[in-house]
Amino acid sequence: MRAPRPRSGQPEQLGFEGMPERLFVCTPSKLGAYEDCPRRYRYSYVDRPAPPKGPPWAHNSLGASVHTALKNWYALTPDRRRPEALAGLLKGTWVREGYRDDEQERQAYRRALGWLEAYVETLEPGVDPLGVERVVAVKTAVLAFNGRADRIDSRPGPDGPELVIVDYKTGRSGLDADDARGSQALALYAYAAERTFRRPCRRVELHHLPTGTVAAHEHTADSLARQLTRAEETARDIMAAERAVTDGGDPDEAFPTVAGPRCGWCDYRRVCPTGAQVPAREPWAAMDRPAAPTGD
């Protein structure tokens with residue numbers, strides 16, 4: 001594959017002495033793609049034109065459908081937030097791509113509706129979150145970060161209202177406090193939300209709809225700072241790799257493949273020399289497994 005050209009819309013900066021380095025514009029998924037596999041990051045964000053992706057995944061369709069249904073649940077007036085409204089909300093947001101056949105899709109729909117009905121029973125219909133799919137953003141000396149949080153709650157704290165980041169999960173089971181603690185995305189959402197709304201935001205929660213469980217973690221200022229430092233280090237690695245390619249380096253060396261079980265689920269498996277050696281997963285394979293390959 002030919003070496004990628006610099007991305008359009010981003011003119012090259014001239015290197016005047018003393019001029020600050022450009023910020024790395026990123027989202028959680030962008031940082032996560034590089035940490036999972038630099039080659040996948042390159043295919044997604046660097047190569048232009050981007051290589052073709054594989055077919056859509058059924059488990060992603062399921063997750064997107066549930067997330068949008070919950071977003072629209074909060075768009076209803078409080079008096080209309082009743083369980084019987086969920087079937088219409090889910091049908092209106094249902095993504096049909098990736099399923100093996102109509103029967104598997106129907107089973108997935110019934111399963112998702114059951115998750116939603118059980119989940120909304122835990123919610124207060126008259127309580128509105130501070131934000132639903134709310135974009136939060138923050139800049140550091142290295143990053144220009146922005147991300148869309150599933151939900152941002154405002155809850156009473158010992159010194160006044162505090163914010164809580166809520167992330168819905170429909171994928172793999174067995175989530176626990178370590179997953180919440182280790183999630184860079186949740187930590188960055190919390191860091192950005194605290195600065196966006198000027199309220200403390202230290203608690204992050206993973207709401208796993210299939211099991212009805214909540215995995216939570218209470219961050220400290222130090223633990224959020226460590227996650228931010230980790231993100232900045234990743235950003236520096238990405239920018240160094242991109243500069244190497246721009247300067248004529250081998251893109252395969254700058255963005256190496258991290259081989260592993262994830263390769264079978266990668267959108268770019270067919271165009272990656274390493275991934276192509278891994279048996280392909282069918283688009284609907286995760287629907288027949290107790291644990292899906294992603295956290296969505």
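A crossing is left-handed if the near helix is turned anticlockwise from the far one by less than a right angle, and right-handed if clockwise. This is a predicted model, in which local features need pLDDT of at least 70 and side-chain atom pairs count only at pLDDT 80 or more, while totals for chains, interfaces and linings use all residues. Residues are numbered from 1 along each chain as its sequence is written, and side-chain values use heavy atoms, with hydrogens and water left out.

Select helix H3 (residues 58–75) together with helix H4 (residues 86–93), which pack at an angle of about 130 degrees with their axes 8 Å apart; helices here are DSSP runs of H or I with at least four residues, numbered from the N terminus. Axes are lines fitted to C-alpha atoms over the stretch in contact, and angles run from 0 to 180 degrees between N-to-C directions. H3 and H4 are therefore oblique to each other, since angles under 35 degrees count as roughly parallel, over 145 as roughly antiparallel, 65 to 115 as roughly perpendicular and the rest as oblique. H3 passes H4 in a right-handed crossing, and the contact (heavy atoms within 4.5 Å) involves residues including Ser65 and Trp73 of H3 and Leu86 and Thr93 of H4.

Next, select Glu232 in helix H8 (residues 221–246).

Finally, go to Ser183, in the loop between helix H6 (177–182) and helix H7 (184–197), which counts as buried at 18% relative accessibility.

Terms used
Helices (H or I, at least four residues) and strands (E, at least two) are DSSP runs, numbered from the N terminus. Buried means under 20% relative accessible area, exposed over 50%, partly exposed in between (1.4 Å probe, protein chains only).
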